[in-house]
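Have the structure open and follow along.

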Amino acid sequence: MNREIYTGESFDGYQATIPYFSWKPIFENADLARNRPTFRRLWGPVRGLESLHPHANPRGNYEAPGLKTNGFIFVRIQGGFHNIRNSICDVVVVTRLLNATLVIPELQSTTSSKGISSEFKSFAYLYNEDQFIAALEKDVIVVKTLPKNLKSARRKKEIPSFRVPYSTSPDFYLHHVLPVLRRHSVVELVISDGGCLQAILPPHLEEYQRLRCRVAFHALQFRGEVQELATNILHRLRAPRRPFIAFDPGMTRDALAYHGCSELFQDVHTELIQHRRAWMIKRGIVKGKLNVDSLKQRSNGFCPLMPEEIGILLRAYGYSWDTIIYVSGGEVFGGQRALIPLHAMFENVVDRTFLSTARELTRIYGRERHLVDTSHQPPPVQEEKNLESWKTSGARPRPLPPPPARPKYPHNIEGWWGWVAESDNEPESTVMELRINAHKLLWEAIDYMICVEADAFIPGFDRDGKGRPNFGSLVSGHRLYQSAASKTYRPDRKEVVRLLEETRDHLYQANSTWLKLIRKHLSETLIDGVTEASRTSKQQSFLSHPVPECSCLKHDHFEASPHPSSPSNHSQLEVTLGVEYQCPAWMDNNAISQSPKYKENEEDLEEEDPTSGSFFRNSGSQEVGWGETNNKEVQMEDQEELEGVER
């Protein structure tokens with residue numbers, strides 16, 4: 001996120017804008033009314049998913065790996081956080097498929113970065129190597145390095161190498177890679193697209209899907225320093241004893257460029273997106289035209305929901321102005337300006353820079369080498385054109401420089417975006433930028449842990465810069481595996497845009513009918529969004545929807561439930577999600593991930609809740625909204641929504 005400030009000529013000047021101890025949350029009431037049905041609706045478990053539990057253990061004939069293997073697999077992985085996570089899981093499955101020995105993967109984004117700490121390199125920069133090896137000892141043999149003779153051959157580039165395309169079939173590895181592996185005892189795989197194995201495997205390889213879950217949700221633990229800081233931030237978030245929402249905007253420059261969403265922004269930000277789109281078209285990543293109707297893309301659900309729109313959804317659903325919202329993401333394109341409307345609607349909007357100090361962040365980076373940053377040198381001025389040729393130069397994906405008759409001022413060409421007006425080509429990344437890219441992996445690791453543990457989660461977008469499931473999709477998949485009944489909203493962007501356009505002229509004075517539609521939509525996405533993810537996201541990333549392969553059903557919850565609608569929920573899971581496997585007897589009957597404190601108040605659904613009728617109304621102010629709506633009507637809506645989810 002663009003909250004960080006960089007000063008001076010080295011990263012030593014990094015400081016968080018606001019240290020965590022200066023965050024003083026403001027709440028309307030000191031004690032949260034947990035005995036109200038509205039609290040159950042906003043924060044309680046999703047009734048239809050409470051019987052779903054994680055179970056990624058092998059279920060059939062699955063033997064531990066033998067000591068004799070076909071050779072070593074050495075892997076180089078390129079890409080961002082979610083690409084790395086997907087790729088590692090795929091590589092482990094491929095290693096098992098080929099009966100090979102896996103060498104700890106090499107993360108190119110850290111090995112190619114100059115100046116980062118020598119304490120943490122490559123895989124160990126992000127993940128705990130020892131934990132990874134120990135957790136997979138019954139699945140694959142993992143070693144830290146190649147034997148000396150093969151290591152020497154790799155340095156001389158004498159070992160066979162495969163640049164593996166995205167979503168490769170198992171047959172490719174069995175028919176092409178395996179013979180080479182047996183012949184040379186080692187192969188190198190280069191993965192750059194965020195995955196090297198198709199997401200949906202044949203039925204006879206279902207155990208390999210569960211292996212993916214064991215890798216992603218158990219073996220891949222972040223290194224100790226990262227886990228410690230993430231845990232501290234979680235404690236600070238929960239210190240006020242309030243539940244919180246995690247929001248992942250998903251607004252990266254690459255995603256906006258790929259989907260043609262440049263017109264959602266203004267001035268130089270639009271030009272930066274268009275520059276990136278032109279770059280993608282040149283390299284074949286994007287097949288469409290440079291200029292795209294962004295409003296049409298947005299209305300079709302292909303663009304991220306802006307932070308303002310997410311804020312409106314949450315306020316309309318019933319979350320009060322003093323709700324704690326944690327904003328995640330290694331990048332929010334547009335910076336703090338894009339988040340201003342969200343801050344205006346919610347008093348307690350925070351991110352990792354609010355809740356950590358510069359010293360804590362420096363600790364996870366380790367001892368880094370001093371770098372001299374020369375990235376702020378102004379670009380060379382191109383040859384002057386005459387005024388006539390300037391007028392007839394035609395449309396370009398960037399703004400024209402000032403006309404020859406107008407002088408250039410230094411502030412026009414200084415700054416990280418100054419090249420836009422001077423050059424058709426984006427400058428190469430500096431060593432400082434490469435190091436910051438490595439740091440983003442750590443930032444996203446922290447955000448990932450917090451989003452998985454949040455009381456509620458909502459993504460603004462679920463696609464990355466290549467149209468595939470992104471960070472938010474991985475978080476949703478992890479939450480579905482670990483605690484399926486926790487609140488995870490998956491808004492249908494096309495439907496949301498339609499609802500917003502219906503009342504665009506009176507957006508902040510919406511009537512109760514419109515608010516009911518918003519409530520109904522978000523409530524439905526708690527379950528319908530899961531089935532939709534199975535149809536869309538899972539086809540490209542298994543980790544975004546690891547159900548039914550890595551889940552089981554527990555009957556004890558239904559047997560103890562007083563609601564007659566519960567058995568239908570069980571049937572719904574079996575039909576819509578395909579979950580049929582019954583949890584084994586050894587699983588503790590009390591190991592239900594949702595807290596029982598939400599259930600003890602479900603019987604009292606008729607109690608009035610004076611705060612549930614508010615929309616944009618803060619304490620001590622007369623903001624417009626539908627505060628005049630009858631509270632009993634609101635309470636009936638709460639009851640209907642709760643019963644609707646249960647059905």
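Here is a short tour, starting with the sheet and moving on to the helices.

Keep in mind that this is a predicted model. Five strands make up an open sheet, and if you walk across, the order is β10-β9-β8-β11-β12, with parallel pairing. At the edges sit β10 and β12, each with a pairing on one side only. Zoom in on β8 and β11: they pair in the parallel sense over four bridges.

| Strand | Residues |
|---|---|
| β8 | 244-248 |
| β9 | 324-327 |
| β10 | 348-350 |
| β11 | 456-459 |
| β12 | 487-488 |

Now for the helices. Helix α14, residues 335-345, lies across β8, β9 and β10, and runs at about 165° to β9.

Two packed helices are described by the angle between their axes and the distance between the axes. Helix α13 (residues 307-317) packs with α14 at an angle of about 20°, and their axes are 7 Å apart. Angles under 35 degrees count as roughly parallel, so α13 and α14 are roughly parallel to each other. Their crossing is right-handed.

Which residues in α13 and α14 meet? From α13 come Pro307, Glu308, Gly311, Ile312 and Arg315, and they meet Ala338, Leu339, Pro341, Leu342 and Met345 in α14. Sorted by class, this contact has seven nonpolar, one polar and two charged residues.

Technical notes: Residues are numbered from 1 along each chain as its sequence is written. This is a predicted model: local features need pLDDT of at least 70, side-chain atom pairs count only at pLDDT 80 or more; totals for chains, interfaces and linings use all residues. Side-chain values use heavy atoms; hydrogens and water are left out. Two strands pair if DSSP finds at least two bridges between them. Helices (H or I, at least four residues) and strands (E, at least two) are DSSP runs, numbered from the N terminus. Contact means heavy atoms within 4.5 Å. Axes are lines fitted to C-alpha atoms, for helices over the stretch in contact, and angles run from 0 to 180 degrees between N-to-C directions. Angles under 35 degrees count as roughly parallel, over 145 as roughly antiparallel, 65 to 115 as roughly perpendicular and the rest as oblique. A crossing is left-handed if the near helix is turned anticlockwise from the far one by less than a right angle, and right-handed if clockwise. Ala, Val, Leu, Ile, Met, Phe, Trp, Tyr, Cys and Pro count as nonpolar, Asp, Glu, Lys and Arg as charged, and the others, Gly among them, as polar.
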